[in-house]
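Here's a quick briefing to read alongside the model on your screen. Take a look at the structure, then work through the topics below.

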Amino acid sequence: MSKEILYVVDAVSNEKNLEPEEIFEAVEIAIATASRKKYNMEWDIRVDIDRETGDYDTFRRWTILDDEDPEFESPERQILKSYADERKLGLEVGDTFEEEIESITFGRITAQIAKQVIMQKVRNAERRKIADAFADQVGQLVLGTVKRVDRRGITIDLGENSDALIPRDMMIPREIARTGERMRGILQEIKDDGNKGPQMIVSRIDDNFLVELVKLEVPEIGQELIDIMGAARDPGSRSKIAVRANIPNIDPVGACVGMRGSRIQTVTNELNNERVDIIPWEEDIATFVINAMQPAEVLSIVIDEDKRSMDIGVDEEMLAQAIGKGGQNVRLASQLTGWTLNVMSEDEAEKKGQSEQNMLVTLFAEKLDVDTEVASILVEEGFASLDEVAYVPSEEFLKIEEFEEELVEELKSRAQNALLALALTGEGGKPADDLLEMKGMNNALAQLLASKGICSMEDLAEQSTDELIDIDGIDDEEQAAKLIMTAREPWFAEAKQQEKEAANKSAEASTSKA
């Protein structure tokens, strides 16, 4: 039988263009599989073939585990360290103990198993070769023909005997694919799970798919006359893409739309009639956000640079259009610009802005010991915290028409003293990041709370509604209650986790007793 193995290795190696070592490994796997069928399928069996003579030996193997190791599940494959010590095997935890067993004959069944293993290796080798050829195309557009559609997704033929899979979750929703039609996508990755060999994964929902399709239809982009600055998609429904012209004579939006919409229509057809909005990119972020909110008309905008968020006011009648179905319009605009956008009616925006201003006026009036007129001027000029009043250069203050040098120095001195007093009393006066980033919080409110010693979410969570209402500038009981409950959410999450862990321990104990 030893010569038969050598013959098989030599013949298959030449026929399938594989290294002899790969065939030897396949035959070893085949003999080991057949041996488990004879002895016990739970056994761990290793076969060692002599590459010169073709003779082979068979070994049963166990892994040495620590006596307390929870991974000890199969005595057919594992040995505890104490047992190994009793037998004086001289092995440590993690070592492998082998015992030679009688080898089976390399017969018809073994040859069939070997053939299956070898054919799988051949397929894997061919896949790997194809995958290597496509490795430099990851992230790029690929074009193929629909080969079949099944529960896994769409298999497309990329040519030269190479297939790629568009998984179900990477297909455009409600898209219907027909065998033989041509289909594009972005080569997302080349996945190798080690068993079936490399598998090329293509996506049709990636933002970059839209970008590459537009590049394909707009030659000005390839000529670097126009740049694509970003894209955001709700696959199969709507998308936004931002473009910028590199020379003043070109209209980037018109170039991408094309004559009578011909260019963008081609892209839309490829995306299963997904609506594509072309947005002119602007360096000024406020202007860019206004463009991104199209077709809604923005009436007012308030920027919070620390939280990278904006409050956008629109006409009451345009509110639904600005938000979009299921929040689609504002969500895509947020993704495109990279800013959190809060859309509200103009009246709501005005009320919110006025509320924030009132809070800051209250803070400045109290801590700087000035009248509301001076405090209002500070707020109107953009001062949002005691730190800014204390440490902004005097030259910035003197630009304010109503302020003279003597008043500026006095305000800075009072702000510094107020900060020092807050630090000495342990109240700190500076809001923590978690408070600033908390849902429903704004800079003015955070500054006001911090001035009262409520500097973090933990501090806020410990407050009562009555205590918050007592703070000048907060007179909305519903808002106070909502803020406190938001701050307490981490408490509820922790309690829920503890309950879950307790339930799991109880279930484990019940199972153990059973």
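Which residues line the largest cavity? They are V302, D311, M344, A349, K352, G353 and E356. Keep in mind that this is a predicted model, where local features need pLDDT of at least 70, side-chain atom pairs count only at pLDDT 80 or more, and totals for chains, interfaces and linings use all residues. Residues are numbered from 1 along each chain as its sequence is written, and side-chain values use heavy atoms, with hydrogens and water left out.

**Overall build**
- The protein has 22 helices and 15 strands; these are DSSP runs numbered from the N terminus, with helices being H or I of at least four residues and strands being E of at least two.
- Its C-alpha trace spans about 105 × 75 × 45 Å along the principal axes.
- The radius of gyration is 35 Å, while a compact globule of 514 residues would have one near 24 Å (it is taken over C-alpha atoms, and the globule rule is 2.2 Å times the number of residues to the power 0.38).

**The cavity**
- Rolling a probe the size of a water molecule over the atoms shows where empty space is left.
- A cavity is a set of points, on a 1 Å grid over the protein atoms alone, where a 1.4 Å probe fits but cannot get out; a pocket is an open set with protein on both sides within 12 Å along at least five of seven lines; and lining residues have an atom within 4 Å of a point.
- Grid points are joined across faces, edges and corners, and a volume is the space filled by probe spheres set on the points.
- The count comes to one cavity of 30 Å³ or more, and the largest cavity has a volume of about 40 Å³.
- Helix 12 (residues 346-367) gives the largest share of that cavity's lining, four residues.
- Sorted by class, the lining of the largest cavity has three nonpolar, one polar and three charged residues (Ala, Val, Leu, Ile, Met, Phe, Trp, Tyr, Cys and Pro count as nonpolar, Asp, Glu, Lys and Arg as charged, and the others, Gly among them, as polar).

**The pocket**
- The largest pocket holds about 1500 Å³ of space.
- Its lining takes in 44 residues, and D311, K352, E356, M441 and N442 lie nearest the centre.
- Helix 12 supplies the largest share of this pocket's lining, 10 residues.
- The lining of the largest pocket splits into 14 nonpolar, 14 polar and 16 charged residues.

- Most residues other than glycine have a negative phi, and most peptide bonds are trans.
- The peptide bond from Q294 to P295 is cis, with omega near 10°, and P295 sits in the loop between helix 9 and strand 13.
- E224 has a positive phi, near 60°, and isn't a glycine; look for E224 in the loop between helix 6 (219-222) and strand 10 (226-234).
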